Amino acid sequence: MKDQHVSRRELGTQLSFALYGAANRMARLHKPFLEPLGLTFPQYLVMLELYGGTPRGVGELGLALGMDTGTITPLLKRLETLSMITRTRDKGDERRVIINLTKEGEVLREELWTVTEKIKTACQLNDEGLAKLRDTLIALARPPHN
């Protein structure tokens with residue numbers, strides 16, 4: 001039987017634990033900045049992606065964020081309730097839902113980008129370190145194309 005002390009040390013070296021801890025810390029760091037705006041961390045991510053360009057299809061948006069339809073649809077419904085976005089059926093393809101920012105959603109653009117800067121400062125990494133970490137995580141999150 002393995003020594004429990006050894007197995008705990010092995011658990012602590014697992015990439016999964018480090019990623020889980022980092023993801024939770026990232027969400028906690030954002031919370032005090034997003035709560036006054038009425039947004040959750042996943043909603044914030046959706047808004048940032050939408051600031052990259054609209055109109056966007058739900059499927060395209062989900063793909064960009066690594067979220068399936070079952071995850072992104074409730075986020076979009078809530079953002080619509082908050083008057084941040086509109087969801088409309090594509091006239092050319094009724095199965096497709098198109099997302100656009102509203103005036104209220106646009107008004108938050110600058111404020112949400114300041115949240116990004118505050119988080120960058122809290123992470124205590126320089127631009128080069130942040131870029132390397134981001135690129136590493138993107139590579140890990142996206143499976144290679146065969």
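Trainee: Which residues make the nonpolar surface patch of about 490 Å²?

Mentor: This is a predicted model, in which local features need pLDDT of at least 70 and side-chain atom pairs pLDDT 80 or more, while totals for chains, interfaces and linings use all residues. Residues are numbered from 1 along each chain as its sequence is written, and side-chain values use heavy atoms, without hydrogens and water. Patch residues have over 30% relative accessible area (Shrake-Rupley, 1.4 Å probe) and no salt bridge (Lys or Arg nitrogen within 4 Å of an Asp or Glu carboxyl oxygen), with nonpolar side chains joined within 5 Å. The patch is made by L15, L19, L125, L133, L137 and L140.

Trainee: Which element gives the most to the nonpolar patch?

Mentor: Helices are DSSP runs (H or I) of at least four residues and strands (E) of at least two. Two elements give two or more residues to the patch, α2 (15-34) and α8 (127-141). L15 lies in α2, but the most, three residues, comes from α8.

Trainee: What is the volume of the largest pocket?

Mentor: A pocket is an open set of 1 Å grid points where a 1.4 Å probe fits, with protein on both sides within 12 Å along at least five of seven lines; lining residues have an atom within 4 Å of a point. Its volume, the space filled by probe spheres set on the points, is about 1,600 Å³.

Trainee: Which residues are closest to the centre of the largest pocket?

Mentor: The lining has 33 residues, and α8 supplies its largest share, nine residues. Closest to the centre are M26, F41, L45, R134 and L137.

Methods
Patch = residues over 30% accessible without salt bridge, like charges linked within 9 Å, V, L, I, M, F, W, Y side chains within 5 Å. Salt bridge = Lys/Arg side-chain N within 4 Å of Asp/Glu carboxyl O.
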